[in-house]
Protein chains: 4
Amino acid sequence: VGFTHTLRVRYGECDQQGVVFNAHYLAYIDDALEHWMDENLPPELRVAFDVMLKKATVEWVAPARYRDVVVMDIHVSRWGRTSFDVTIDGRAGDRPSFTGTVVYVSVTPGTADPVPVPDAVRAALDADRVSP
Amino acid sequence: VGFTHTLRVRYGECDQQGVVFNAHYLAYIDDALEHWMDENLPPELRVAFDVMLKKATVEWVAPARYRDVVVMDIHVSRWGRTSFDVTIDGRAGDRPSFTGTVVYVSVTPGTADPVPVPDAVRAALDADRVSP
Amino acid sequence: VGFTHTLRVRYGECDQQGVVFNAHYLAYIDDALEHWMDENLPPELRVAFDVMLKKATVEWVAPARYRDVVVMDIHVSRWGRTSFDVTIDGRAGDRPSFTGTVVYVSVTPGTADPVPVPDAVRAALDADRVSP
Amino acid sequence: VGFTHTLRVRYGECDQQGVVFNAHYLAYIDDALEHWMDENLPPELRVAFDVMLKKATVEWVAPARYRDVVVMDIHVSRWGRTSFDVTIDGRAGDRPSFTGTVVYVSVTPGTADPVPVPDAVRAALDADRVSP
């Protein structure tokens with residue numbers, strides 16, 4: 001159920017304390033979200049729909065370290081009319097590591113003009129949420 | 001009033017849309033906070049005090065672009081017993097660009113054990129807040 | 001024959017021209033080399049052997065782009081007494097993309113003191129070179 | 001004499017060994033070169049001239065560390081017909097740290113087609129080389 005994205009921590013992403021530097025978690029989350037959209041939104045849906053990142057939050061419970069496999073589970077956690085939230089639960093190795101939340105605004109592609117989330121997009125991303 | 005940190009957007013920090021890639025804002029904020037602590041906390045205060053980043057949020061109003069000068073104003077926005085929030089207001093050129101908020105937990109250096117924020121640290125960071 | 005490391009270009013690694021920003025190729029190469037050493041050098045060999053990066057060169061023939069799979073083939077291209085070269089041939093998708101060469105100096109772990117490359121290390125890395 | 005670019009090492013650019021991760025030196029060099037071109041090539045020269053990075057080399061003598069100020073001196077070290085080399089001498093604090101060399105190919109803007117380096121470009125970049 002839901003979408004999972006996996007990556008492996010690189011040496012150069014770890015700081016002097018031996019843990020992943022905080023900004024890279026946003027890069028991991030971005031990479032996961034790009035794959036998630038690629039996988040769930042067929043090209044025809046992307047002609048009339050794009051997203052603009054409005055807000056991103058990362059909350060940490062334990063650091064990821066060099067050589068850890070980071071596994072991120074993604075699901076839509078709120079639907080608004082022109083915006084929605086996506087939650088990313090991240091594990092590092094077998095430990096819970098962080099939770100990310102992003103707020104996306106649905107926009108006309110190529111602009112910053114908010115538009116209602118198309119029903120087909122919502123259906124596609126919700127389908128992912130409840131089935132593999 | 002308060003502490004200001006300035007940097008200049010690098011070409012390699014901008015993505016295909018010509019704007020700073022989202023994860024780099026956290027790196028900018030981290031750089032600003034490091035300078036802020038270096039400037040405001042004398043070494044003797046750092047023997048018994050360190051911080052652990054618990055949560056970070058970035059909210060965008062307008063993107064920063066290549067060659068923009070990014071100016072960040074920093075102030076403590078909440079004091080708790082063992083934690084506190086710091087708010088970072090970021091401009092790009094002459095436009096408001098983003099607001100960052102981080103939650104720090106005060107810890108015994110070298111550990112993840114929360115300890116009350118020392119009064120001297122609070123005074124030092126508050127002094128910065130109300131005077132240049 | 002030889003060691004191959006694979007990764008996928010992330011969106012945030014591409015610049016305004018839609019190609020991977022030049023510095024990230026060194027990060028890709030570093031990631032490949034770390035995996036190569038992890039795979040080929042058993043822990044007991046790493047007690048008395050470490051490397052220091054002395055020089056790195058990247059030469060490009062075609063850029064890697066977002067979503068490209070980057071495949072890197074690695075082999076030792078020169079053995080010296082206390083140093084050796086490693087060549088990394090990188091493809092992006094099905095196109096040759098870049099060649100990296102690094103010069104490593106063999107050092108006593110934890111120091112910058114050059115020491116002859118142990119025979120066992122040379123054998124381990126050469127074995128990789130001529131067999132899968 | 002010549003162009004100098006200065007930056008300050010950020011915490012997140014340092015790895016577990018407390019030194020700047022190797023790939024970031026290329027990012028520093030790129031930033032220095034962008035400033036150097038911005039400063040020396042007036043916009044009218046850039047209409048008919050652009051560069052493509054063909055090759056980059058970094059050779060280290062001593063690492064840069066967190067809080068170091070990195071100072072880079074830049075000069076053209078070879079002129080060819082359609083290509084040229086630029087050398088970047090980098091200091092960290094008061095220590096020599098690294099030397100970078102890049103090979104640029106002069107191209108018609110927006111293409112990968114080599115064109116001879118315009119005389120005006122060569123004069124502009126050479127003027128920089130021998131005078132402040």
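How many bridges join strand 2 of chain A to strand 2 of chain B, and do the strands run parallel or antiparallel? There are 5 bridges, and the two strands run antiparallel. This is a predicted model, so please read what follows with that in mind.

**The interface between chains A and B**

- On each side, 15 residues take part: 15 of chain B are in contact with 15 of chain A.
- Together the two chains bury about 1,500 Å², with 59% of that on carbon and sulfur atoms.
- Three residues, B:Leu26, B:Lys54 and B:Trp60, supply 32% of the area that chain B buries against chain A, more than any other three residues.
- Between chain B and chain A, the count is 0 salt bridges, while 7 residue pairs are in polar contact, both residues being at pLDDT 80 or more.

**What chain B brings to it**

- Helix 1 (22-40) and strand 2 (50-60) of chain B each supply at least two residues of the side that touches chain A.
- Strand 2 of chain B gives the most to that side, with 8 residues.
- By residue type, the side of chain B that touches chain A divides into 9 nonpolar, 2 polar and 4 charged residues.

**Strand 2 against strand 2**

- In both chain A and chain B, this pairing is made by strand 2, which covers residues 50-60 in chain A.
- For one pair to find in the viewer, take A:Lys55: its bridge partner in strand 2 of chain B is B:Glu59.

**How the copies are related**

**Strand pairing inside chain D**

- Strand 1 (residues 3-8) and strand 3 (residues 69-79) of chain D run antiparallel and are joined by 6 bridges; D:Thr4, for example, has D:Asp73 in strand 3 as its bridge partner.
- Strand 3 of chain D is also joined to strand 4 (residues 83-92) by 9 bridges, again with an antiparallel run.
- A hairpin joins strand 3 to strand 4 of chain D through 3 residues.

Technical notes. Residues numbered from 1 in each chain as written. Chains lettered and ligands numbered in written order. Predicted model: local features only at pLDDT ≥ 70, side-chain atom pairs only at ≥ 80, totals over all residues. Heavy atoms only, no water. Contact = heavy atoms within 4.5 Å. Buried area = accessible area lost by both parts, 1.4 Å probe. Salt bridge = Lys/Arg side-chain N within 4 Å of Asp/Glu carboxyl O. Polar contact = N/O pair within 3.5 Å; in protein donor to acceptor, adjacent residues only side chain to side chain. Helix = DSSP H or I, 4+ residues; strand = E, 2+ residues; numbered from the N terminus. Nonpolar A, V, L, I, M, F, W, Y, C, P; charged D, E, K, R; others polar. Pairing = 2+ DSSP bridges.
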